[in-house]
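Subject: Structure handover

Hello,

Here is the structure for your files. My notes on what turned up follow below it.

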Amino acid sequence: MDRPRVLRSLNYSRCVLKNEPVRTLLLENIHKDAVALLESQGHEVETVPRALDEDELIRRLDGVHLLGIRSKTQVTAKVLAAATELRAIGAFCIGTDQIDLGAATRAGIAVFNAPFSNTRSVVELALAEIIALTRRLTEKNAGMHAGVWNKDAAGSHEVRGRTLGIVGYGNIGTQLSVLAENLGMRVVFYDTADKLALGNAHRCATLDELLDVSDVVTLHVDGRPGNSGFFGEKQFARMRPGSIFLNLSRGFVIDHVALRRYLDSGHLAGAAVDVFPAEPKGRGDEFRSELRGLPNVILTPHIGGSTEEAQADIGSFVAEKLHRYVVEGATTLSVNLPALALPLQPGNHRLAHVHHNVPGVLAEVNSILAAHSVNIEGQLLGTRGEVGYLLTDIGQDYTEEVLTKLRGMPQTIRLRVLPWLT
């Protein structure tokens, strides 16, 4: 695996693995487009329709070079330590908090995700839920199925003119902001980072300021550990009477018991929740939550990004990133390694060197190559925190001693050689 042979077409638009296929494991019903793309490029792909626990994942990763997961599989430091052949992980979703990124980086394993592909799907779900709850459609629907005809306007509102409070103004929050304004809503937002307001959206200086004025509050924060329990008793109490709450971010960021209490009391008119602290591993498993049984609550099984369009886009996007990393060493949009992409030149070999970010690495690598009369055809270095990444293209005349010297450098985390045929 460290020295895959690949065949490139004349325009270098494809890299097809040859003779030494990469073993790829895809979990959790990753879209068939990902499978098709990787298999067309020479990968041996194994698919599993569910998440795996730690022990089973360790067993299945024996001899595997690439791993693809969604949100439920936990890739721990123990898993990464056991997966000695693993080169890269693809999170076929937005979040990567299910992966121990620090351990992956220390092992020289690249991690990729899909930060943009399912944004529209999440935004459309949020808008649909905002309209459904504001019009009390869930309650009307339940009544009709129970044979109750209740044609009345009490508690039912248009979204036009109402204020939407967006907590977390990233890719999803900003797109939601624009579309909500197009529906006639007023938009306020709160983010700990300095974000540019789009359209007529107003930035709130504090979360309390947002809660004081919002008719609908929707969370779109990331999965960093500091956001655990971010929204609880104090925040629900601060929300306006009769307001609506949505969480399509992470399950652990809110207090579900407190949310149930404020729904039962009538302080909140409704809620929609797509993510939960503990989620079933597979389709058909029992779902347990304090929020079950409430007619004014929309519960969805973590489907914010689960549209056919989004999953197809994610499948192709992440699979392409994984493949390009294997055959080119490209780390564009990697979440843990420096982003590098060096143009390919036919007839060369490429050294992909992950190392500790300390002074003198580049000089030492070049000194080893020079001492063995190895000519450098192209080179690119990037650093990110405590790790550095160096791509070096060299001629085909080199010895194993060169690789032994480079791997023996105290700064080296991982060295891969990427030769291809022209």
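The largest cavity has a volume of about 30 Å³. Bear in mind that this is a predicted model. Seven names make up the cavity's lining: Leu351, His353, Val365, Leu390, Thr392, Leu406 and Leu415. Two strands, β15 (349–356) and β17 (387–394), each give two or more residues to that lining. By class, the lining has five nonpolar and two polar residues, with no charged ones.

In total, the structure holds two cavities of 30 Å³ or more.

Now the second largest pocket. Its space comes to about 290 Å³. There are 14 lining residues, and Arg136, Lys140, Asn150, Lys151 and Asp152 lie nearest the centre. Six of the lining residues are charged, five are nonpolar and three are polar.

Last, helix α10, residues 256–264. His256, Ala258, Leu259, Tyr262 and Leu263 are buried there. Viewed down the helix axis, these buried residues fall within an arc of 155 degrees, so they line one face of α10. Their cover includes α9 (233–238), β12 (243–247), β13 (268–273) and β14 (297–299). Just past the helix, Gly266 has a positive phi of about 90 degrees.

Best wishes

Conventions:
Residues are numbered from 1 along each chain as its sequence is written. This is a predicted model: local features need pLDDT of at least 70, side-chain atom pairs count only at pLDDT 80 or more; totals for chains, interfaces and linings use all residues. Side-chain values use heavy atoms; hydrogens and water are left out. On a 1 Å grid over the protein atoms alone, a cavity is a set of points where a 1.4 Å probe fits but cannot get out, and a pocket is an open set with protein on both sides within 12 Å along at least five of seven lines; lining residues have an atom within 4 Å of a point. Grid points are joined across faces, edges and corners, and a volume is the space filled by probe spheres set on the points. Ala, Val, Leu, Ile, Met, Phe, Trp, Tyr, Cys and Pro count as nonpolar, Asp, Glu, Lys and Arg as charged, and the others, Gly among them, as polar. Buried means under 20% relative accessible area, exposed over 50%, partly exposed in between (1.4 Å probe, protein chains only). Helices (H or I, at least four residues) and strands (E, at least two) are DSSP runs, numbered from the N terminus. The arc is that of the directions from the helix axis to the C-beta atoms. Contact means heavy atoms within 4.5 Å.
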